[in-house]
Amino acid sequence: MTSPPVRTPAPQAADSVSKDGFGLRFTFPLMLGTTLNPVNSSMIATGLAGIAADYHLGPGQAASLVSVLYLCSAVMQPTMGKLATLFGPRKVLLTGVTILLAGGLLGTLAPDFQVLLLSRALIGIGSSACYPASMALVRRRAERLKTGVPSTVLGNFSIASQIVAVLGLPLGGVLAGAFGWRALFFVNVPLALLAFLFTARNVEKDAPTRGRGVRRTLAALDPAGITLFAVSVVGLLLFLNDLEHPAWPLGLVALLAAIALTVWERRAGSPLIDVRALARSAALRRTYARQMLVGLGVYTSMYAITQWLEGSAGYSSFQSGLIMLPLSVVSMALARIVSTRGWVRRPLVTGAVALALAGATMAAADSDGGLVLPLVMTAALGFTNGLCNFANQTTLYVQTTGDDIAVASGLFRTFGYIGAIFSSSVLSLAFGDRVTDAGFHHMGWVVAALGALTTLITLLDRTVPASVAGPDRHADTN
């Protein structure tokens, strides 16, 4: 949502665009890049105990390694989208994975906890470049080839993220168990190198941009907008993170920063967030709202179910993991089906209804009630995760222009982070000091209400397409 820069046509890569289409040589580094942020979010959980022991920290201090990545990612996703719009998505993607590589090396060698925090911040910043830049690259290629919406490519992004969400914890456990917690940082080095090399080799170069000079470049970057956005988002996330003991000054700072951001961006020549366009586009606002509501519902459910299974129903961690398995299997299977067919509206409605069903099932479950209802819950969440993830992402794609897609995609991820972080406070308010059936039932009604609200928003939104057409059935496998 920025003013388009002046560009000349981009040269094609040696292996031409028309030949490769959306085959693996082009899509593999993009899919790998989009997984680097979620895999780093999940892997670190397996190393927190070892980090706390080595640096003589309490569990709260060690957990700040999780928070710093979320905070950096929430701020940097749209910021990296802005940079991709101004300087080219390929350059930003390559720069991002380079920053990620540096963060991985720094964490591997970190002599103290402060350096480790810096490493996690760099990992969050670098990995945040990948999703908005990848969406911009896909959009650029689709427009050049005049292929329509590449729904299977968007589905592959969704599936790849779901796979690493499943594999992140066990992969982290294997790495930390075999090589120590520093391996959780070092693994970013080969992954970043792989993403860099495949991107440099198989993604066509960006169009050259005309020189603007330092002053015009700074004006185009909108540093004031980026700063105000960062203050408002960080303040909001820190406030939402602990509603049991709300830090009202942080909430006030977030509100004032958001007001100042709106006023500033309305007057900025090249805003980070085009608030005028956002005010005109009720459809885009609804897409962001659905992303936040679904994220809040799914994360709240996942965390509540796992804690309830272990803390109240008496299952082991291994058994709980098996019970959660239908969520991942159903998610990936449904995302593949709907993305191949290009369905959008029905998956959104079905996924929202499934979230309400999952919540109602949670409200009816008892700790001694057996496996049927827990399995129904996780399967229903699989419907929500697999269908809504792809359909919301595709709706965003068709609601934005090629010049807006990078920033819009980054902001899309930010709304997801808001939902994910808000879920921790919802859990604290419902469970308190002890996991009980009553608290779990309260969580179920909250999730059911989120599903019902998402269903209503989707049913009333006539701008969501029934389906999209793309090149997917004809794409080659180069």
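Reader: Why is Cys130 called buried?
Author: The word rests on a cut-off, since buried stands for a relative accessible area under 20%, exposed for one over 50%, and partly exposed for what lies in between, with a 1.4 Å probe and protein chains only. Cys130 has a relative accessible area of 0%, so it is buried, and Cys72, at 17%, counts as buried too. The model is a predicted one, in which local features need pLDDT of at least 70 and side-chain atom pairs count only at pLDDT 80 or more, while totals for chains, interfaces and linings use all residues. Residues are numbered from 1 along each chain as its sequence is written, and side-chain values use heavy atoms, with hydrogens and water left out.

Reader: How do you know whether Cys72 and Cys130 are bonded or too far apart for a bond?
Author: A disulfide is a pair of cysteine sulfur atoms within 2.5 Å, whereas the closest cysteine sulfur to that of Cys72 belongs to Cys130 and is 15 Å away, which means that it is too far for a bond. The structure accordingly holds 0 disulfides.

Reader: What makes phi of His56 and of Lys146 worth a remark?
Author: Phi of His56 is near 55°, a positive value in a residue other than glycine, and Lys146, which is not a glycine, has a positive phi of about 55°. Most residues other than glycine have a negative phi. His56 is placed in the loop between α3 (48–55) and α4 (59–87), and Lys146 in the loop between α7 (130–145) and α8 (151–179), where helices are DSSP runs (H or I, at least four residues) numbered from the N terminus. At 72% relative accessibility His56 counts as exposed, as does Lys146 with 74%.

Reader: Why is the pair of Phe28 and Phe198 given the name it has?
Author: Rings of Phe, Tyr and Trp (its six-membered ring) pair if their centres lie within 6.5 Å, and planes under 30 degrees apart count as stacked, over 60 as edge-to-face and the rest as tilted. By this rule the count comes to 10 aromatic pairs. In the pair of Phe28 and Phe198 the centres are 5.0 Å apart and the planes stand at 70°, so the pair is edge-to-face. Since Phe28 lies in helix α2 and Phe198 in helix α10, the pair ties together parts that are 170 residues apart in sequence. Tyr288 and Phe415, with 4.9 Å from centre to centre and 10° between the planes, form a pair that is stacked.

Reader: How do you know how exposed Phe28 and Phe198 are?
Author: Phe28 has 30% relative accessibility and counts as partly exposed, and Phe198, at 32%, counts as partly exposed as well.

Reader: What makes the charged end of Arg413 count as sitting over the ring of Tyr131?
Author: A charge sits over a ring if NZ of Lys or CZ of Arg is within 6 Å of the ring centre and within 35 degrees of the ring normal. The charged end of Arg413 is 3.9 Å from the centre of the ring of Tyr131 and sits over that ring. Arg139 likewise lies over the face of Tyr397, at 4.6 Å from the ring centre.

Notes. Helix = DSSP H or I, 4+ residues; strand = E, 2+ residues; numbered from the N terminus.
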